[in-house]
Amino acid sequence: MLRKVLLCLSTLLLSLGGLKAQGRVPVEDIFILSSHTASSEWAQQMLAPIEQLRWERQELVINLEHLQLLSHRSVEELEHTVDSILQSRPAQPRLVIVLGGSAFNYAPTIQKKWHDVPMLLIGEQDYYCDIDYTLHCTGDPQAKRYPIASLRANLTLITAPPMVRRTVEAILQVQPGLKKLFFVTGENYLSKERQWRLEEYLQEQHPYIEYHCISSSNTSTDRLLDILKKESGADMAVFYGSWLVRKGYLESVSTRHNTVALIESLAPVYTMFPSNLEKHPNVVGYYSYSQSEYDLSVRQYISYILDQGIQPSNLPYINLQAGFPTLNYHAMEYFGLDTRLIPDEAEVFGEPVSFWDANRRQIMWVGIVTFMSLIIFVLLTLGASLAHMRKARDIAQNANRMKSAFIQNMSHEIRTPLNSIIGFSQLLGMPDGALTPEEKEEYLGYVMNSSSLLTMMINDMLSLSDMENGRYTVNPAPTNLNEMARQAIKTVENRLSSGVQIVRQPGLDEDARYMTDGMRVQQILINFLTNACKHTTSGQIVIASSLTENPGYITFSVADTGPGVPPEKAESIFDRFVKLDNSKQGAGLGLSICRNMADSLGGKVWLDTQYTDGARFVLIIPEKECS
């Protein structure tokens, strides 16, 4: 028994020594022949599940060779490269993966080298073309295209096609006014195939779209940028395919993604393959197959072949078609595209979080606590006496109605400036270089304007609360009303539309002082001027004062050149929460507060229905000149 054991050990040692002497290495589990370069973003995405498998199963031996197809000048040179790669392999691998449709026609060559080797083909189409057409010819819809099944080898196929048609439809969804489409393409085989398919589809389905093809074969990068600068606008889009050229191929591979970085700031850019939107923040989006579905399919097929011994010829072809659009919210805003047109099924990158979504839990808890407090208060009040209970019930019901009306009217109005402040503040917080100084100044202006609007709403609510609770007071004092008018104008000047100016027509002596509450007068004038600024986009706003228009009273008026107010609405606009134009910001409280203030001053406010060039609001207060 001992002799037998020693004999087996000796035989094993001799065998290992012989393998070492002959320079043999372990058999490869997977050999990958890629028609792309190592820096190809598409190839890197296709290889991602295999790299993950290598990390999980470190015993797997996986080797990768890149053909760099476009760097070859002739078919003979390319065939020589393929032969050299295959001859350099020490033994037949357990599985060959051919990555990229331009290398599919070398499956018979691999089969001839390694008889009946299992092969998995991964590419953008389920066919292959003649090598000469793949390498040299321009895109031709009449070129010979052979189905993969005609290769008659022990293989199967996973197709991850470029979704040309669906990408165009996605572009039209977010840019329904599209008039021009620029297809940016290179000299490589896949670009040729995409180009003629895109052109054929546009001619059939969207002939009204003005189509332009910009190819790296006859256009420099500088010329490409000049074209897009001149054509930029919301009615055009760029469909990016590639920017590869045969001359200096390796350099063009390393810089082609820089081309995307250059053009994405000039025009809305869409790609037909997944793009890194963090790296390219102004690419509007892409339509692609599901990357997770692709990863799962590759891992499953490798497991079937290596672990379960299933022959590829017994595995069905997989054609990934269940795609979806991915859209960049920031890029759409950058190019002025309507984000409301984003389809429901789209995956949205960079969508801002609303105030409600960010604080939903806290708001709900506050609402619950508030509601419970109200219930406890009502229960305690009911326990005092029956009379108090009835009174408390009436108060509670009235308060509930007022609360509902108030919340209904104020929730949207407050959320609008808050969302603006939050959204543009997030943009201002982006890394240095992401925004130009002009953009920063513009966004800061939006934040300041929204802050002023929010302050005005809060002041209106506080004034309303004071009036309801009897804390509202009037403090008459000698007042220069001309100065009050000037201060009111300064307060609202930043709200004026471009080209609109405020004209002051004083009718009071400059140094005259009158006994009244100047701050309340100023607040009423600010409300009048604010409304005029909202509704006046051209012309002028006139603020006038007079002692003769209404004898015994000081008359102030604010007249604008806006759309005006229908006469039948002349009284209702002074009611709480009434707004004639819901698109304009504000809570609908200003005029109601003005009327209450005017009453407390012993005066009145009304709308002058005789004025027909816009709207004219009038304030009168008693004329009490100080000696």
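User: At what angle do the axes of helix α6 (residues 164–174) and helix α7 (residues 189–205) cross?

Analyst: They cross at roughly 55° and come within 10 Å of each other. The model is predicted, so local features need pLDDT of at least 70 and side-chain atom pairs count only at pLDDT 80 or more, while totals for chains, interfaces and linings use all residues. Residues are numbered from 1 along each chain as its sequence is written, and side-chain values use heavy atoms, with hydrogens and water left out.

User: Why are α6 and α7 called oblique to each other?

Analyst: Angles under 35 degrees count as roughly parallel, over 145 as roughly antiparallel, 65 to 115 as roughly perpendicular, and the rest as oblique. The crossing is at roughly 55°, and α6 and α7 are therefore oblique. The axes are lines fitted to C-alpha atoms over the stretch in contact, with angles from 0 to 180 degrees between N-to-C directions.

User: Which residues make the contact of α6 with α7?

Analyst: V164, R165, V168 and E169 of α6 meet L198, Y201, L202 and E204 of α7, contact being heavy atoms within 4.5 Å. By class there are five nonpolar, no polar and three charged residues. Nonpolar covers Ala, Val, Leu, Ile, Met, Phe, Trp, Tyr, Cys and Pro; charged covers Asp, Glu, Lys and Arg; the others, Gly among them, are polar.

User: What makes α15 oblique to α16?

Analyst: Helix α15 (residues 481–492) and helix α16 (residues 518–535) pack at about 40°, with their axes 9 Å apart. That angle makes α15 oblique to α16. The crossing is right-handed, meaning that the near helix is turned clockwise from the far one by less than a right angle (left-handed if anticlockwise).

User: Which residues of α15 and α16 make the contact?

Analyst: From α15 they include L481, M484 and I489, and from α16 they include M519, L525 and C533. The contact divides into twelve nonpolar, five polar and no charged residues.

User: What makes α2 oblique to α10?

Analyst: The axes of helix α2 (residues 41–56) and helix α10 (residues 291–306) cross at roughly 50° and come within 9 Å. On that angle α2 is oblique to α10. The contact has seven nonpolar, three polar and three charged residues.

User: Why does T516 count as buried?

Analyst: Buried means under 20% relative accessible area, exposed over 50%, and partly exposed in between (1.4 Å probe, protein chains only). T516 has 6% relative accessibility and therefore counts as buried. T516 is in strand β18 (residues 514–516). Leaving out residues up to four places away in sequence, T516 touches residues including L481 and V521.

User: How do you know whether P281 is buried, partly exposed or exposed?

Analyst: Its relative accessible area is 35%, so P281 is partly exposed. P281 lies in the loop between β11 (269–271) and β12 (283–288). Beyond four places in sequence, P281 is in contact with E264, N328, H330 and A331. The C-alpha atoms of P281 and Y334, 53 residues apart along the chain, are separated by 9.8 Å.

User: How many residues of the protein count as buried, as a percentage?

Analyst: Of the 627 residues, 44% count as buried. The protein has 17 helices and 22 strands, which are DSSP runs numbered from the N terminus (helices H or I, at least four residues; strands E, at least two).
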